[in-house]
Amino acid sequence: MGKRAIYPGSFDPITNGHLDIIDRSSKIFDEIIVGVLNNRQKNPLFSVDERVSMIKGLVGKYPNVSVDSFDGLLIDYAKEISASIIIRGLRAISDFEYELQIAQTNRVESGNLDTIFLTTSLNYSYLSSTIVKEFASYGADISKFVPPEVVPLIEQKYKKQ
Ligand code: ADP
């Protein structure tokens, strides 16, 4: 059986930084499932369904990448889909402490699950969904941060508000 990995996140919205991680992961692992977290505590810009369909439209060129959503604990979802690897991206030292804590907790809870970190490409190290939303909310140009298909979807959200 091939190595199945899950790349979990909020992806609200997906950025070029996320896509870079997906592109690189697709060459390392046999199968990647992009897992969109249905996080009810946060107040997302895009619904989970919107995020899933947005990402599906962008990863069609990768035969080994699929997109799904999940609720609740990542380790439970990973078990459900028989994934043995969690992929996370590391941007700056500020990501490190939180990511290490989560990865270690997940390992204590589920010994078969390992987290693998890919360091961000330098040109995306500053990029986060939060920053993209902040810029878009002021009508700034976000075309360098997200794929062209996603730009109008974000702009549309802020037009309504
Ligand atoms: P979460 O709410 O789980 O942090 P995000 O959608 O913000 O979800 O991020 C999902 C994953 O993608 C995280 O591992 C995050 O570190 C990574 N990531 C986000 N932006 C970038 C980027 N610019 N470069 C590399 N990895 C990134």
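## A buried threonine

A residue is called buried when its relative accessible area is under 20%, and in this predicted model threonine 15, at 2% relative accessibility, therefore counts as buried. Threonine 15 sits in the loop that runs between strand S1 (4-9) and helix H1 (16-28). Apart from its neighbours within four places in sequence, threonine 15 is in contact with Leu127, Ser128, Ser129, Val132, Phe145 and Val146.

## Arginine 51 and its surroundings

Helix H2, which covers residues 48-59, contains arginine 51, and at 3% relative accessibility this arginine counts as buried. When residues up to four places away in sequence are not counted, arginine 51 touches Ser10, Phe11, Asp12, Val36, Leu37, Pro44 and Phe46. One of these residues, Asp12, also belongs with Arg51 and Lys133 to a network of salt bridges.

## Salt bridges

Side chains of opposite charge can pair when their charged atoms come close. The structure holds nine salt bridges, and three pairs are described here.

Within helix H1, arginine 24 and aspartate 20 lie four residues apart, about one turn of the helix, and their side chains meet in a salt bridge with an N to O distance of 2.9 Å. Arginine 24 counts as partly exposed at 24% relative accessibility, whereas aspartate 20, at 14%, counts as buried.

Glutamate 50 and lysine 157 form another salt bridge, in which the closest N and O atoms are 3.1 Å apart. Because glutamate 50 lies in helix H2 and lysine 157 in helix H6 (residues 151-160), this pair ties together parts that are 107 residues apart in sequence. Glutamate 50 is partly exposed, with a relative accessible area of 31%, while lysine 157 counts as buried at 16% relative accessibility.

A further salt bridge joins the side chains of arginine 88 and glutamate 99, at 2.7 Å from N to O. Arginine 88 lies in strand S4 (residues 85-90) and glutamate 99 in helix H4 (residues 93-109), so the pair ties together parts that are eleven residues apart in sequence. Arginine 88 is partly exposed, with a relative accessible area of 22%, and glutamate 99 is buried, with a relative accessible area of 7%.

Asp68, Asp76, Glu80 and Glu109 form a negative surface patch. Among them, glutamate 80 is found in helix H3, which comprises residues 74-80, and with a relative accessible area of 63% this glutamate is exposed.

Terms used
Residues are numbered from 1 along each chain as its sequence is written. This is a predicted model: local features need pLDDT of at least 70, side-chain atom pairs count only at pLDDT 80 or more; totals for chains, interfaces and linings use all residues. Side-chain values use heavy atoms; hydrogens and water are left out. Helices (H or I, at least four residues) and strands (E, at least two) are DSSP runs, numbered from the N terminus. Buried means under 20% relative accessible area, exposed over 50%, partly exposed in between (1.4 Å probe, protein chains only). Contact means heavy atoms within 4.5 Å. Patches are made of residues with over 30% relative accessible area and no salt bridge: like charges are joined within 9 Å, nonpolar side chains (Val, Leu, Ile, Met, Phe, Trp, Tyr) within 5 Å. Accessible areas come from the Shrake-Rupley method with a 1.4 Å probe; for residues, only the protein chains shown count as cover. A salt bridge is a side-chain nitrogen of Lys or Arg within 4 Å of a carboxyl oxygen of Asp or Glu. Lys and Arg count as positive and Asp and Glu as negative; His and the chain ends are not counted. The place of a charge is taken as NZ of Lys, CZ of Arg, CG of Asp or CD of Glu.
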